[in-house]
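Have a look at the fold below before reading on. We'll go through some salt bridges, the nonpolar cores and a bit of the surface.

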Amino acid sequence: MSIPFLNVVKSKPQNTLSKPTGGLDTTRLINTITSDLVGMIYRCGVDELGMMEFVSEGCLKLTGYRPDELIFDNRISYGQITHPDDLARVNSAIHAALNEQNNYEVEYRIIRADGSIRWVSERGVGVFDHNVQRIAIEGFIQDITDRISTNKALHEALRRYRSIFENATEGIFQTTPNGRYIDANPALARIYNYPNPDAMIAALQDIRHQLYVNQSRRDEFVRLMYESGNVRNFESQVYRQDGSIIWISENARAVKDVNDVVLFYEGTVVDITERKQHEEELQYQASHDILTGLPNRMLLMDRIERAVSRAKRETQKVAVVFVDLDNFKLINDSLGHHVGDRLLLEMASRLSSCIRNQDTVARLGGDEFVLVLTEQLDEPGVTHIIRRLLEMIAQPWTDESHEYSLSCSIGISCYPCDGDSADILLQCADIAMYEAKDAGKNTFHFYTPELNQAVTERLELANDLRRAVEREEFRVFYQPRVDVSSGKIVGAEALIRWQHPEKGLISPDNFIPISEETGLIVPMGEWILNEACRQNKSWQEAGLPPISVSVNLSPIQFRQPGLIDAVTNALRQTGLNSRYLELELTESFFMQDAERINVAITAMKTLGVELAIDDFGTGYSSLSYLKRFPVNHLKIDKSFVQEIDTSPDDAAIVRAIITLGHELGLKVVAEGVETLANYTFLQEHNCDEIQGYYFSRPVPAYHLELLLHKQMAETS
């Protein structure tokens with residue numbers, strides 16, 4: 001039978017104790033004590049049934065039964081109250097203790113009178129006579145349900161914590177303040193590439209020296225713990241078991257005793273290597289050019305500022321070199337962006353090969369590069385580097401069996417004479433670069449204060465040019481084209497002029513480059529096309545002999561998808577026969593992206609428009625392409641014509657071009673004819689037509705009309 005924990009209370013009168021002679025009512029005292037005890041005192045026999053002989057008043061609260069219902073099994077035996085699943089275990093534990101004459105303590109469940117189940121703790125001892133014969137069992141039983149529930153909750157919490165500890169994806173640790181592991185979970189062992197926590201704890205006996213790549217980070221960790229008792233998002237690089245390095249982030253706190261003495265540190269570790277790599281990639285992308293991998297503007301500005309700061313300390317110079325590839329837009333748009341990208345990569349490689357490790361090459365965008373040259377002593381030293389740079393860039397570039405000549409324009413500013421900030425130095429170098437480009441390209445120019453005025457004027461001119469398009473301030477001048485054999489005007493080249501309201505007539509050399517940079521060349525080109533067609537039709541309607549008027553096309557215009565429509569509309573709106581319109585493109589543009597250009601030219605020829613290759617002889621591609629284009633005229637560049645009577649080389653080139661043109665069935669026009677000697681040479685070598693000051697400068701429409709009238713009168 002079970003002998004549960006019961007609070008002793010006297011249950012029958014015969015069990016009362018008598019009052020001692022000293023006057024103390026011991027019976028009353030015992031009754032009071034047993035009644036106040038939270039539990040039940042009992043005495044039972046040693047028979048098999050374990051019949052209760054005495055139970056205290058605590059019986060009712062404990063079991064739900066009155067004491068008299070349990071005494072001598074009056075209503076129910078205590079063994080029946082014991083939970084059947086616990087009964088055998090309880091009896092076995094009690095009998096084993098009694099047989100050894102030991103006290104016993106056992107925990108089990110009882111079923112109360114209301115059917116509820118409670119946990120109890122029973123402690124008891126055997127009662128023996130003078131012959132050491134056990135005559136009874138006495139003990140105490142109390143309700144421990146709350147404690148059991150609490151313990152169960154604690155055990156469950158501990159189980160859950162342990163489960164979290166063992167299965168967490170974050171590393172969890174406890175370490176001593178001097179840097180040894182006390183405990184760690186499997187996740188931390190995996191992060192550090194150890195087979196298990198025990199192996200990691202055994203191996204890492206000195207965290208500062210064995211784990212941290214930068215040992216000062218551990219010192220900082222300990223300092224923060226000392227000052228604030230915790231760390232948050234503490235990032236460090238650490239070694240793994242295999243020697244590889246990873247990034248971790250730690251959150252930890254100091255655990256202290258009641259005397260505020262640190263017992264240990266505990267916290268979590270997360271592997272943030274992937275995040276760090278991603279951040280580095282984003283930072284790299286934010287500070288470097290995607291195509292070339294060179295520093296971009298943001299990083300460049302920082303490099304310039306750092307170089308200037310160092311130069312201030314060491315009394316040195318810094319050169320900021322602005323490099324712009326000549327004719328890149330023409331190559332990029334004509335041959336395609338894939339070719340342009342390869343050219344930019346080649347540029348990046350060539351520029352990088354010209355500098356030292358402490359210098360910087362950056363790409364601002366497009367074809368603009370910037371070099372930062374540090375530790376410079378004087379201008380001649382910078383000049384030497386720049387000349388070497390120009391030579392390197394000028395080396396022919398071969399791409400997919402095609403060879404291209406390259407050049408660049410370079411502007412240079414220097415600290416301290418031109419400025420002491422990245423913005424100013426870069427701006428000055430940019431200004432100087434434009435000066436180099438205006439000087440004919442393939443050269444360099446140092447910044448001077450006078451250039452600021454030129455830049456200001458350039459900006460003003462660009463703003464005025466936009467208004468000029470809106471206000472139609474442009475004029476068309478015509479330079480006659482004369483047949484060499486007859487001396488008659490057979491055509492004229494339409495040349496745009498700008499009648500500025502304040503600055504007067506402005507030469508195209510001063511505003512055409514700006515119009516191409518700003519894109520204004522497109523509306524300007526359409527305007528001159530329409531005006532030339534209108535004027536030519538007007539001359540014809542006036543009864544003048546019909547001539548062909550040629551209009552120059554900018555490569556930017558040629559790349560516009562609406563060019564064919566623009567030509568068609570000009571002819572239709574003015575009523576000019578297409579045979580009297582000629583379009584001119586420079587040789588250098590003709591020879592780029594031949595396939596695509598040939599398609600467009602063929603479309604123009606379908607309209608009946610004539611075509612001319614301007615500036616012939618200055619190009620850089622194979623002349624074999626020439627036979628593929630359905631052109632009508634070759635116009636020899638004036639640079640070869642002006643000295644043909646004194647320069648054997650120029651004379652030979654002109655003769656070769658005339659022969660080549662005639663072999664291909666083309667008419668050859670010589671530009672820049674200024675003297676009788678020029679004219680005589682061309683006449684002797686059967687040049688078809690001439691154009692130049694020898695016959696007439698570019699003149700307004702009415703002036704050319706007078707020349708045509710005069711010519712008509714002379715032949716009538």
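Is Glu671 buried or exposed? Glu671 counts as buried, at 11% relative accessibility; buried here means under 20% relative accessible area, exposed means over 50%, and partly exposed is in between (1.4 Å probe, protein chains only).

## Ground rules

This is a predicted model, so local features need pLDDT of at least 70 and side-chain atom pairs count only at pLDDT 80 or more, while totals for chains, interfaces and linings use all residues. Residues are numbered from 1 along each chain as its sequence is written, and side-chain values use heavy atoms, leaving out hydrogens and water.

## Salt bridges

Back to Glu671: its salt-bridge partner is Lys635, with the closest N and O atoms 3.5 Å apart. (A salt bridge is a side-chain nitrogen of Lys or Arg within 4 Å of a carboxyl oxygen of Asp or Glu.) The pair links distant parts of the chain, 36 residues apart, with Glu671 in strand E25 (residues 667-671) and Lys635 in strand E24 (residues 633-636). Helices (H or I, at least four residues) and strands (E, at least two) are DSSP runs, numbered from the N terminus. Lys635 is buried too, at 0% relative accessibility.

By the same rule, the count comes to 35 salt bridges. One of them pairs Glu235 with Lys276 at 2.8 Å between the closest N and O atoms. Glu235 sits in strand E8 (residues 230-239) and Lys276 in helix H11 (residues 273-287), 41 residues apart. Glu235 is partly exposed at 23% relative accessible area, whereas Lys276 counts as buried at 15%. Shared partners join Glu235, Arg275, Lys276 and Glu279 into one network.

## Nonpolar cores

The largest nonpolar core has 70 residues, and Tyr478, Trp539, Leu581, Leu583, Leu682 and Leu704 touch the most other members. Such a core is a set of buried Ala, Val, Leu, Ile, Met, Phe, Trp, Tyr and Cys residues joined through side-chain atoms within 4.5 Å. Helix H19 (residues 521-541) gives the most to this core, with six residues. A second, separate core of 35 residues includes Leu351, Ile385, Ile386 and Ile393.

## Around Thr175

Thr175 lies in strand E6 (residues 171-175) and is buried at 2% relative accessibility. Beyond four places in sequence, its contacts (heavy atoms within 4.5 Å) include Arg180, Tyr181, Ile207, Arg218 and Phe264.
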